[in-house]
Amino acid sequence: MGKYEDVKLLGDWPSPFSMKPRIALNLKKVDYELIVEKMNPKSELLLKSNPVHKKIPVLLHRGKPVYMDFRPPILPADPYDRAIARFWAAYIDDKWAMQVRDINKANTDEERAAAAELIFAGVQLLEEAFQTCGKGGNWFGGDNVGYVDITLGSYLAWIRVTEKMSGLKILDGDKFPQLAAWADRFCAEEAVKGVMPETDKLAEFAKTLMMKLKAASPAK
């Protein structure tokens, strides 16, 4: 890959899943065009490019959908370390990020406390994983921004929005100093700064989305 006109990405700015390939492409210094996909209705290009799942992101190279190639140093060269990185990335995507999202669904103090307990247990696991995966470096990938960094970092804007809306400090520097410092470093990276959504803008988007979902829900 290389030329701007050769590489296009179907995605949208609020989507953490769209942020992953954007950051990876920036790290690889691959020029690309972001084609904003609003999803309602879904574009013909999206339906043609991803006819099974019909979801973003979709990476196109010369008009053909391709998979993102996560080679070293984004993924570790060592097979064991590579498996560990994939494990933590899957944990973030499939479990912890969902727990963070669900705290906004809490209707009582008890539900909120239970949700917060799950979130903080996850942050503690990630704080420990940072030490193990990073091996003393500044990143989960050690000396370089790696696969786990990109995965967790893609949720940072939404984590900040959740903190703002719920009043819960998730990446508390006093409780989780290494992750809090890591988050600041990640957001300061050149590959990240241009694609990380602004918290206030994303919060307004989240409020609008919640209102639309609420209006669309059948009355009980």
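Figure 1. The C-alpha centres of domain 1 and domain 2 are separated by 23 Å. Domain 1 covers residues 7-66 and domain 2 covers residues 79-203 of the protein chain; these bounds come from an automatic or database domain assignment. The model is predicted, so local features need pLDDT of at least 70 and side-chain atom pairs count only at pLDDT 80 or more, while totals for chains, interfaces and linings use all residues. Residues are numbered from 1 along each chain as its sequence is written, and side-chain values use heavy atoms, with hydrogens and water left out.

Figure 2. The size of an interface is often given as the accessible area lost when the parts come together. Here domain 1 and domain 2 bury about 1,300 Å² between them, with 74% of it on carbon and sulfur atoms. Buried area is the accessible area (1.4 Å probe) that two parts lose on being put together, summed over both. There is 1 salt bridge between domain 1 and domain 2, a salt bridge being a side-chain nitrogen of Lys or Arg within 4 Å of a carboxyl oxygen of Asp or Glu. Between the domains there are also 3 residue pairs in polar contact, both residues at pLDDT 80 or more. A polar contact is a pair of N or O atoms within 3.5 Å; within protein, one must be able to donate a hydrogen and the other to accept it, and residues adjacent in sequence count only if both atoms are side-chain atoms. On the side of domain 1 that touches domain 2, the residues divide into 9 nonpolar, 1 polar and 2 charged. In this division Ala, Val, Leu, Ile, Met, Phe, Trp, Tyr, Cys and Pro count as nonpolar, Asp, Glu, Lys and Arg as charged, and the others, Gly among them, as polar.

**Figure 3. Salt bridge between Asp-93 and Lys-20.** Side chains of opposite charge can pair when their charged atoms come close. In the salt bridge of Asp-93 with Lys-20, the closest N and O atoms are 2.5 Å apart. The structure holds 11 salt bridges.

**Figure 4. Salt bridge between Glu-33 and Lys-8.** The closest N and O atoms of the Glu-33 and Lys-8 salt bridge are 2.7 Å apart. This pair links distant parts of the chain, 25 residues apart: Glu-33 is in strand S2 (residues 33-36) and Lys-8 is in strand S1 (residues 7-11). Helices (H or I, at least four residues) and strands (E, at least two) are DSSP runs, numbered from the N terminus. Glu-33 counts as partly exposed because its relative accessibility is 25%, and Lys-8 counts as partly exposed at 27%. Buried means under 20% relative accessible area, exposed over 50%, and partly exposed in between (1.4 Å probe, protein chains only).

Figure 5. Asp-69 and Arg-71 meet through their side chains in a salt bridge, 2.5 Å from N to O. Asp-69 is partly exposed at 35% relative accessibility, whereas Arg-71 is exposed, with a relative accessible area of 54%. A salt bridge also joins Asp-81 to Lys-135, with the closest N and O atoms 2.8 Å apart. The two residues are 54 places apart in the chain: Asp-81 is in helix H3 (residues 79-102), and Lys-135 is in the loop between helix H4 (109-134) and helix H5 (147-153). Asp-81 is partly exposed, with a relative accessible area of 23%, and Lys-135 is exposed, with 60%.

**Figure 6. Surroundings of Ser-49.** Ser-49 lies in helix H2 (residues 44-49) and counts as buried, with a relative accessibility of 11%. A polar atom of the Ser-49 side chain lies 2.7 Å from the backbone oxygen of Leu-45. Apart from its neighbours within four places in sequence, Ser-49 is in contact with Leu-10, Val-58, Leu-60 and Pro-65, where contact means heavy atoms within 4.5 Å.

**Figure 7. Ala-106 in the loop between H3 and H4****.** Ala-106 is partly exposed, at 25% relative accessibility. When neighbours within four places in sequence are left aside, Ala-106 is in contact with Glu-111 and Arg-112.

**Figure 8. The buried residues of helix H6.** In helix H6 (residues 156-166), the buried residues are Leu-156, Ala-157, Ile-159, Val-161, Thr-162, Glu-163 and Ser-166. Their cover includes H3, H4, H5, helix H7 (177-188) and helix H9 (199-216). Just after H6, Gly-167 has a positive phi of about 80°.
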